Structures are given as C-alpha cells and as structure tokens.
Amino acid sequence: MTARSVAMSVVLDVHEDDVFANLALPSRLQQARPSTADAAFATELTYGTLRWQGQYDAVIEALASRPITQIDPEPLAALRIGMHQIARMRVADHAAVHETVELMQGQASGRRGFVNALLRKTAKLGFTTILDDLIAERSGDDALALQHSHPLWILQSLRRSLAAEGAEAELESLLIADNDPPAVHLAALPGLTTRSKLGGTHTASPVGAALDSGDPASHPLVRAQQARVQDSGSQLAALALVRAQAVAKGERWLDMCAGPGGKAALLAATARQAGATLIANEVQPHRAKLVERAIAQFETEVTVQDGRDFADEPDAFDRILVDAPCTGIGALRRRPESRWRKRPSDVAQLADLQHELLDAALTAVKPGGIVAYVTCSPHLAETSGVVQKAIRQHSVEVLDTPSVITQLSPGIELGGRDGAVQLWPHRHETDAMFVQLLRRTE
Ligand SMILES: C[S@@+](CC[C@H](N)C(=O)[O-])C[C@H]1O[C@@H](n2cnc3c(N)ncnc32)[C@H](O)[C@@H]1O
C-alpha cells in the first residue's frame, strides 16, 4: 500500500463506516509498514483532507455542478485527497492529479475520467482562486464557515460561547487554532514522575509538558507508565476536582464517565498519594476495558454501569468527576472528522443525558462533597445550560472554579463565566474544556 492509498482507504472508511481516523490510520500504517517519510505523508494527507473537507466539498460541488450527495464514495474520496495535495501539500499539481487518478485503478473509466477532469480543472484555475470566488459569493458567518472549514452550526455555537464571556472578537483566532494540528501533551502521573523529567516545554497544567517532536509512545516515561499522552486542559479539569478543597485520608472518589481512562489515571495516581480511593465507572464494556488498562497499576476498581444509576447510592462519595459524553466540538483539533459527523440535533439529546448524569452525581456525593462537571465542548447548552438546571434543582454552592484553576496554573488568563472555567485552544493551547465545580450544601 502506498501512502496515498492508505490515506484514501481511511478517508473512505471514515465516511462509509464511521470509523475514527485516529484509530484507523495507525492500524492501516502498521499493516503497510511505510518509511517514516511516507507515514508522515499519509498522516498529513488523511488528517488534512478530513479537516479541510468543507472547502474541498464546496469546490467539488462548484466544479461538478452537482451536490456532494450525488457523487459516489470512491471518486469523492479521491477528489478530496487530490484537492488537499493541490491546495495544501508540497506536491506538484501534475503528480497530485496523476497519482490520485492511479488510486482509482479498477474503477469504471467514467469515474476515473471524472476525477481526472475535476482535479485538472482545479489545478488549472487554481484552488485558491476558486475558493476565494466561492467565499465572495457568501456573506457573514456563511463566508467565515467556508473560509475556516467549520460547519455553520458549530461556528455559531462557538461564537455564542465566546460572546458569553465578552470575547466574540476572538472567534477567528479560535477557528484558526481549530485547524492547527495540536502539539502532543504529556501528563506526569503524580507520585511516579515529575513534569521536569518529561522534556519539552511546560503547558498550562502543573503536571503537563508539550513535546516538540517525536513519537510519544516511545517516550521512556510513557513506556514506563509514569506519564500519559493527555491534553493539558483535561489534566487541569481532573486536578481541579482534587484542588477544590483539602483532601482527607480515606475519601471515596468516583469518576462517573471514565472511558478511555485518561483522567481516571491522573485521579488514581493522585488518590494513591492522598490516601483516597477511586472508583472508575464506564457504561460501555469495551471502553471500560480501556479504563482497566489505563489504571492497571493503581488497584482501582472499575465498574460498568450507567452513571445515572449512582442516583441510587446517595451520599456515597466525597468527590465525583462527571466528564460527560458531549459533542466534542471543543476538541476539533484532535479529531479532524468529528466536525462533519456531529449534528445540531445531537446537542439536545446530549444535554438531557448530561443533566441526568450531573443530577445523579449531586445525589451520590455527600453533603460537603465536590462534583466537577466537565465537557470537551464549549456549547452553552452542554455547559452553562446543564449547570444552571442542576443548580435550580439541588442545594449546591457554586465554587469559584477560576480561582482553583488559577492556583493550578498561575497567570492563566480566564474569561468571566459565572464561576465556571472555559478553556480555549487559541488562548490556552488546550482543548476547549469546560469545568464547573459544585459543592453539595445540604
Ligand atoms: C468525554 S468521555 C470521558 C473521557 C474520560 N474521562 C477520559 O478522560 O479519558 C465520556 C464517556 O462517558 C461514557 N458514557 C456515555 N454515557 C454514559 C452513561 N450513561 N454513564 C456512564 N458513562 C457514560 C462514554 O462511553 C465515554 O466513554
């Protein structure tokens, strides 16, 4: 398999079978065993194509004079990866066209001809010229969405979320950051290693470092299970639960939605140091297995149940992390295809589930105990909306989350948000994590 055919097969599977590119690509590369340079080429071609798909589809539709939905999957995948080579990779136009059409070997000649003609036309007219004309035909958020390859509904929900903290002017910086492949962040597991041993540069998290380059899986401390790959925003969110108030020996902690176990590992390491006990829960059995693997060294119990059922265990925990299932639109940098997969209709359904999970947590936590409500989405319906509803229904004190995060990350610049913290890729170089700490007061 060549680098291009690896990219083509992943792009096709992402659309046809809903696979995740960050899982499919490594396994395809393992089978193909390309050189380091070819692996890098395949990675850039796959992720870049998925990230900028909004622009490529607009150009394809304009040149083909028909909607994307009327183009068969194979020619569409070939056109998308051909466009990415022409638009954003250092590949000569003739090579981009020729090599991409080669990927269509075995396909009907009509399909090959169609891909060939459209890519040639793109190269001849110039991708940027075609795109600029399309952007000029639109206005306002429609134009911005095309320019930055975001679905309109996501762009508008990001706009509303920034506006809620008086920072709407930062929207374009955020859209640019969303399209920037993020640096790999490591977390030093407390009690096992320290961040000064990780190398790289320090991040916003007190246990975090950003790697300049290299494969994180071969980092000696990752191999020794003393450090993990984890976004610094996620690190801060997990540590905020611990830092919210002093930990007493013997405390019981619950990570209600733990899969695949990133925050659970950080909490388990911290719990061991502090003399607390963590239970990590996950509803999906295959994700619970990932949690078991992530925290195997900590003798932490993993349960497999619906988090909402913890409502049947009132006053059982001193601290609960509700890292709720969400649209994930705060982590677009890491999951290039996710922006095209989510629908606006997902939000209301998720917000109901998020509310039920937070509701259960506020019952299962002891009076005086802490709940951290966390999402990797800044959407107001998934963040403040869920928290406000819970506050109306429970006796809780809304804790000053910004001051807890500032203790963890002195000097961090946080926007005002009713006691909550919203992190942003463009400002903090983290995913757009939302964190709200609540103390049960009854
Ligand atoms: C945002 S992810 C959690 C990420 C995790 N905390 C970490 O840091 O690795 C949300 C998780 O919640 C799980 N989930 C979804 N519905 C749930 C439910 N009703 N009860 C418990 N977990 C649920 C999902 O399967 C997913 O693994």
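Predicted model: local features only at pLDDT ≥ 70, side-chain atom pairs only at ≥ 80, totals over all residues.
The protein chain is divided into two domains, with domain 1 spanning residues 3-132 and domain 2 spanning residues 230-440. The C-alpha centres of domain 1 and domain 2 are separated by 37 Å. Contact between the domains involves 7 residues from domain 1 and 4 residues from domain 2. On the side of domain 1 that touches domain 2, two or more residues are given by each of α2 (21-32) and α3 (36-51). Helix α3 provides the largest share of that side, namely 3 residues. Sorted by class, the side of domain 1 that touches domain 2 holds 4 nonpolar, 2 polar and 1 charged residues.

The largest nonpolar core contains 128 residues, of which Ala240, Val322, Ala361, Ala372 and Val435 touch the most other members. Helix α17, residues 344-364, gives the most to this core, contributing 9 residues. Both domain 1 (3-132) and domain 2 (230-440) are represented in the core, each by at least three residues. The surroundings of valine 322 can be given in detail. When its neighbours within four places in sequence are left aside, valine 322 is in contact with Met256, Cys257, Leu357, Leu358, Ala361, Val371, Ala372, Tyr373 and Val374.

An open sheet is formed by 4 strands in the order β2-β3-β1-β4, with antiparallel pairing. Strands β2 (201-202) and β4 stand at the edges and have a single partner strand each, so one side of each is left without a neighbour in the sheet. Strand β1, residues 184-188, is mostly covered, as 4 of its 5 residues are buried. Antiparallel pairing joins β1 to strand β3 (residues 208-211) over 4 bridges, and leucine 186 stands opposite alanine 209 in β3. Strand β1 also pairs with strand β4 (residues 227-229) in the antiparallel sense, here over 3 bridges. Within this pairing, alanine 188 has alanine 227 of β4 as its bridge partner. Strands β2 and β3 run antiparallel and are joined by 2 bridges; the bridge partner of threonine 201 in β3 is alanine 210. In general, the strands of a sheet pair through backbone hydrogen bonds, in either a parallel or an antiparallel manner.

Proline 260 is placed in the loop between β5 (252-255) and α14 (262-274).

Positive phi values were also found in residues other than glycine. In arginine 33, phi is near 45°. Arginine 33 belongs to the loop between α2 and α3. Because 9 other C-beta atoms lie within 10 Å, arginine 33 is classed as exposed, the limit for that class being 12 or fewer. In glutamine 225, phi is near 60°, and the residue is found in the loop between α12 (220-223) and β4. Glutamine 225 has 15 other C-beta atoms within 10 Å and is therefore partly exposed.

How values were computed:
Residues numbered from 1 in each chain as written. Domains from an automatic or database assignment. Contact = placed C-beta atoms within 7 Å. Nonpolar A, V, L, I, M, F, W, Y, C, P; charged D, E, K, R; others polar. Core = buried A, V, L, I, M, F, W, Y, C linked by C-beta atoms within 7 Å. Buried ≥ 20, exposed ≤ 12 C-beta atoms within 10 Å, placed from the backbone. Pairing = 2+ DSSP bridges.
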